[in-house]
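Morning, everyone. I have one chain to walk you through today. Here it is on the screen.

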Amino acid sequence: MKSAIFFLTLLVGACSGSTGVPVVGDPCTVNRPYAIISPDSAVVAVGDTLSFHATLGPDLTCAPPGLTVARFRWSAQDTTVAEVGLLNGHFLGRAPGATYLGVFDVVTGRDLGFVRVSVH
């Protein structure tokens, strides 16, 4: 009986969103890019530069409240391969390899989108 009550409580809580359990079909449980980055990938030589640009994605349903492009900041996953300007998306290939460039929200620290870059 205890397990049936627990299951019913969990089911009711899930439907209301009060337990932290994702609601089935909840659009906020799907990872989606809130920043659309262009170009969406790149292959460059060591020493090459490239400017990346980011705009707000088309579906901001579950985005951090008040998100604007002014809150976008750039980062490179592997800074031995590439560096990117924190504020401007200006990229420099530093060494052969591959890495991801990402945009995050400076207020929440949340990742908003990323692209893969290869340096040869």
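First, a term: helices (H or I, at least four residues) and strands (E, at least two) are DSSP runs, numbered from the N terminus. By that rule the chain has one helix and nine strands. The order along the sequence is α-β-β-β-β-β-β-β-β-β.

Now the ground rules. This is a predicted model, so to speak of local features we need pLDDT of at least 70, side-chain atom pairs count only at pLDDT 80 or more, and totals for chains, interfaces and linings use all residues. Residues are numbered from 1 along each chain as its sequence is written, and side-chain values use heavy atoms, with hydrogens and water left out.

Some totals. The chain has 120 residues, and 31% of them count as buried. Buried means under 20% relative accessible area, exposed means over 50%, and partly exposed is in between, with a 1.4 Å probe and protein chains only. Next, contacts, meaning heavy atoms within 4.5 Å. Take the contacts with a separation of 6 or more: 48% of them are between residues 24 or more positions apart.

On to the sheets. Strands of a sheet pair through backbone hydrogen bonds, either parallel or antiparallel. Here, two strands pair if DSSP finds at least two bridges between them.

Thr 49 has Leu 92 in strand 7 as its bridge partner.

The order is 2-9-8-5, and the pairing is mixed. Strand 2 (41-44) and strand 5 are the edge strands, each pairing on one side only. From one strand to the next, the twist averages 25°. Strand 2 and strand 9 run parallel, with four bridges between them. Val 44 stands opposite Val 119 in strand 9.

Next, the rings. How many aromatic pairs does the structure hold? Three. The rule: rings of Phe, Tyr and Trp (its six-membered ring) pair if their centres lie within 6.5 Å; planes under 30 degrees apart count as stacked, over 60 as edge-to-face and the rest as tilted. Phe 52 and Trp 74 have ring centres 6.4 Å apart and planes at 50°, so this pair is tilted. Phe 52 is in the loop between strand 3 and strand 4 (53-56), and Trp 74 is in strand 5 (residues 72-76), so the pair ties together parts 22 residues apart in sequence. Phe 52 and Trp 74 are both buried. Then Tyr 100 and Phe 114: centres 5.4 Å apart, planes at 80°, so edge-to-face. That pair links strand 8 (residues 97-105), which holds Tyr 100, with strand 9 (residues 111-119), which holds Phe 114; they are 14 residues apart. Tyr 100 is partly exposed at 34% relative accessible area. Phe 114, at 61%, is exposed. There is also a cluster: ring pairs link Phe 52, Trp 74 and Phe 91.

Last, charges. A salt bridge is a side-chain nitrogen of Lys or Arg within 4 Å of a carboxyl oxygen of Asp or Glu. The structure holds two. In one, Arg 71 meets Asp 105 at 2.5 Å, N to O. Arg 71 sits in the loop between strand 4 and strand 5, and Asp 105 in strand 8, 34 residues apart. Are these two buried or exposed? Both Arg 71 and Asp 105 are buried. Arg 94 and Glu 83 also form a salt bridge, at 3.5 Å, N to O. Arg 94 is in the loop between strand 7 and strand 8, Glu 83 in strand 6, eleven residues apart. Arg 94 is partly exposed at 43% relative accessible area. Glu 83 is partly exposed too, at 37%.

Conventions
Axes are lines fitted to C-alpha atoms, for helices over the stretch in contact, and angles run from 0 to 180 degrees between N-to-C directions.
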